[in-house]
Amino acid sequence: MGTPVDVVVAAASRESHTRIVATLIRVTGDWDLAEDCAQEALALALERWPAEGVPNNPGGWLMTVARNRAIDALRRANLERRKLSELASLPLDPPAPAHDDRLRLIFTCCHPALSLEARVALTLRTVAGMPAADIARAFLVTESTMTRRLTRAKDKIAQARIPYRVPSGPALNERLPSVFAVLYLLFSRGYDADGEPAFADEAIRLTRLLAQLMSDSEVDGLLALFLLQHSRRAARRDADGNLLTLAEQDRARWDLDAITEALRILPSTDGPYALQASIAACHVAEKTDWTRIAALYDRLATVVPSPVVLLNRAVAYGYAQSPATGLAMLESARVGGGLDGYPLALAAEADMTARAGDRWRAVSLYEQAAAVAPSPAEQRALLRRATELSRN
Amino acid sequence: MKYMMFVCTDTEPETDESLVPDIDTWVDENDKAGRRLTGNQLVPPSSATTVRVRGGELLLTDGPFAETKEVIVGFDILECADLDEAIEVARNHSMAYAGRIELRPFHQD
C-alpha cells in the first residue's frame, strides 16, 4: 500500500500553501481571495487525487488550480486586464529567491504598524495556513474575536497601504526585530511549561523558511537558538510530567538531528540571538564550559543589558567562579527593580545560596519562587527542590 | 495615496534637543519632492469652538470636543506611494521627537 492520498495532499499543501497565497496576494492584492483559492485548490485535490492519482508535480498542480480560481473570480468581478494577464502568465516553478513572494508575505504580515497580536495571528493564518479556530484556541480568545482581529489587520494593510515588499538597505535591519518578535512569541507559546508544542514546531518551520529566503546572521542565530531549546523537548519532563533541570535530563532523549543542524548554522557574530544560541550550544555540550558561558554573557550584556540577561550572567559566574560571586552580581542586577517578583531570579538565588552552604535560607527562597511561578509544572519543580534540600 | 499627518504634543518628549531635526528643512525638502501638499500649525485648543446642530438648533461650545493631555498642534497632508514612505516622511519631522505624529490614510472609494 502506498502513502494515503490525504497524507500526500497535506504534505503538498503545507509545502505549497505559503507560496500560492504569497503569489496570489502580490498579483491580486486581495488577501481573502488568495486564501480562498488556495483552500479550494486543496479541496479539489482531495476530491480528484484518490481517483485520478497524485500528479507528478503536486505543488504545480495546486498552484494552477488556485490561479485559475483567482482568474475566474476576478473575471466575475470584472477586474482590470493587467492583473488578469499577469495571473495567466504566472510561472509555476518557484521564482528566484531574491523575489520570493513568501518573503514579501512574511514582512508584510510582520509590519510594525500592526500590533504584535495582529502580526502573530496574521502570520499563523496566512503564512502557516493555520485555521482561525486553532489560532483562537491557542491564544485563549473566541473564534469570532480571532476572525475580527484578522479582518482588522487585513483592512489596515489595504486602507493604510502597507506595501507588499521586502524592505531594503537600512530599513531591513529596522524591520527584522518586528519579524523576530512574532517568531519568538510563537516559539515561547510552544515552549512554555504548559504551552502547545505544535507552536514551537511552527515557529521553527517559519524561521527555517526565513533563513532559506534571506542571508542574515541573526536569522540563523534565532533558528539555532530555537533548535537547541527544542532539541530537549522530549527530555524536559519525567514520566509524571514534572519539569527536569538540564543536569537531571536523559541526554539520550535529546534530538540529535536538531542539535546537529543548530551547530552547523550557528553564527559567531555578536548579535543578541547569535550570542544566545552560542550559550545554548554550550549547554548541550558533553561538559558545560561555564567560563565560556560567562564570557558570552559579558558580550550579550553589552548588546542587551536587560535585567534577565544580567541575572543569567550572574548565574554563569556563580558556576564559573563561585556562588558568592554570582550572588553579588545578582544583587547588582536587582538594582532598578527589574527582577522584582521574577521567579527565576529567586530560583537562581536559591540555587547559589544552597551551594554557598546556607541550606535553610535556600529552602525558603525556593518556596518563595514557587509562590510566584506562572505555571503548575514550574511550581511543582521548585517545591520539589525545596523538599530535596530539606531532606539532605 | 494621501495621508493626513496629525502633529501632536506628547507627555514624554525626547529630552536630547540636539537630536531634533530642523522643521524648515523638512518643509522645504518635502514640498520640493511633492510629498507635502499643504500643512500648517494650529493655535492651542483653548481657542477652539465646537459646533453641533441638534433639532435644527445650533449649539456652540467654547473649547475642544475632548479634553486630553496630548493635543493636535498642526497638520500636513502628504502624497506618498505607501505607508512606508509616509513613515519615512513623518519620522524626520521635528515633532516626531518633541511630540508624536499620527498618520491617517484618506478614505478611498
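Helices (H or I, at least four residues) and strands (E, at least two) are DSSP runs, numbered from the N terminus. This is a predicted model: local features need pLDDT of at least 70, side-chain atom pairs count only at pLDDT 80 or more, and totals for chains, interfaces and linings use all residues. Residues are numbered from 1 along each chain as its sequence is written, with chains lettered from A and ligands numbered from 1 in the order in which they are written.

**Exercise 1. Describe the annotated stretch of chain A.**

Step 1. Take the range from the record. UniProt places "domain: RNA polymerase sigma-70 region" (unreviewed entry) at residues 17-78 of chain A. UniProt positions are given in the numbering used here, feature names are shortened, and annotations may be inferred rather than shown by experiment.

Step 2. Read off the composition. Residues 17-78 of chain A are 85% helix and 0% strand. The end C-alpha atoms of that stretch are 26 Å apart.

**Exercise 2. Classify the packing of H1(A) on H3(A).**

Step 1. Get the geometry. Helix H1 (residues 5-28) and helix H3 (residues 58-76) of chain A have axes that come within 9 Å and cross at roughly 40 degrees. Axes are lines fitted to C-alpha atoms, for helices over the stretch in contact, and angles run from 0 to 180 degrees between N-to-C directions.

Step 2. Name the class. That angle makes H1(A) oblique to H3(A). Angles under 35 degrees count as roughly parallel, over 145 as roughly antiparallel, 65 to 115 as roughly perpendicular and the rest as oblique.

Step 3. Assign the hand. The crossing of H1(A) and H3(A) is right-handed. A crossing is left-handed if the near helix is turned anticlockwise from the far one by less than a right angle, and right-handed if clockwise.

Step 4. List the residues. H1(A) contributes Val8(A), Ala12(A), Ser13(A), Glu15(A), Ser16(A), Ile20(A), Leu24(A) and Thr28(A). They meet Pro58(A), Gly59(A), Leu62(A), Met63(A), Ala66(A), Ala70(A) and Leu74(A) in H3(A). Two residues are in contact if their C-beta atoms, placed from the backbone, lie within 7 Å.

Step 5. Sort them. The contact of H1(A) with H3(A) has ten nonpolar, four polar and one charged residues. Ala, Val, Leu, Ile, Met, Phe, Trp, Tyr, Cys and Pro count as nonpolar, Asp, Glu, Lys and Arg as charged, and the others, Gly among them, as polar.

**Exercise 3. Repeat the analysis for two further helix pairs.**

Step 1. Start with H15 (residues 307-320) and H17 (residues 343-355) of chain A. Their axes come within 11 Å and cross at roughly 15 degrees. That makes H15(A) roughly parallel to H17(A). The crossing of H15(A) and H17(A) is left-handed.

Step 2. Find the contact. Leu311(A), Val315(A) and Gly318(A) in H15(A) meet Leu344(A), Ala345(A), Ala348(A) and Met352(A) in H17(A). The class count for H15(A) with H17(A) is six nonpolar, one polar and no charged.

Step 3. Move to H18 (residues 359-372) and H19 (residues 376-391) of chain A. Here the axes come within 8 Å and cross at roughly 165 degrees. H18(A) and H19(A) are therefore roughly antiparallel to each other. Their crossing is left-handed.

Step 4. H18(A) residues in it include Arg359(A), Tyr366(A) and Glu367(A). Among those of H19(A) are Gln379(A), Arg385(A) and Leu389(A). By class, H18(A) with H19(A) gives nine nonpolar, two polar and three charged residues.
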